[in-house]
Amino acid sequence: MKTPLITLVCTLLTFSSLAFAERYSNVAINGRQLTMTEAYALQQKIGTAIAPGQYLVDENTGCWYNQSTGTSGCIGDRSTSYQTTRGGGSYDNQGNWNHYDSYSRWGVGGTGDGCIYTPEWSNC
């Protein structure tokens, strides 16, 4: 038989754990439901509100698809610049890229949909 003190402690612990239990948000990413804290932290990190839904996210590109609404996009412009001894260039998560050679003063680039271009030519 439980004593009244043990019963009281058990009751308080139960209420305490319920009060501090993390609630889940209305956002799931790659099959995992985010907690309210996780959803808030992610919104702060990417700088925008996240609409409710079931998301598929490619962690390499930052691109996403909301299965609930059919919307899609990519998070931010994950552009990467680089320098070489002869020039430099950049590429991004949309498949766009460019390179400039400072010795020849010639540039070349491309877009995510397959176009290639130079100052004098393009296949698009």
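Author: C115 is buried, with a relative accessible area of 14%, whereas C124 is exposed at 60%; buried means under 20% relative accessible area, exposed over 50%, and partly exposed in between, for a 1.4 Å probe and protein chains only. The model is predicted: local features need pLDDT of at least 70, side-chain atom pairs count only at pLDDT 80 or more, and totals for chains, interfaces and linings use all residues. Residues are numbered from 1 along each chain as its sequence is written, and side-chain values use heavy atoms, without hydrogens and water.

A disulfide joins C115 to C124, with an S to S distance of 1.6 Å; the term denotes a pair of cysteine sulfur atoms within 2.5 Å. The torsion about the S-S bond of C115 and C124 is about -115°, so this disulfide is left-handed. The structure holds one disulfide.

As for the setting, buried residues make up 19% of the 124 residues in the chain. The largest nonpolar core consists of five residues, namely V27, L34, A39, I50 and Y55; such a core is a set of buried Ala, Val, Leu, Ile, Met, Phe, Trp, Tyr and Cys residues joined through side-chain atoms within 4.5 Å. Leaving aside residues up to four places away in sequence, A39 touches S25, L34 and I50, where contact means heavy atoms within 4.5 Å. Of the contacts in the chain between residues at least 6 apart in sequence, 11% join residues at least 24 apart.
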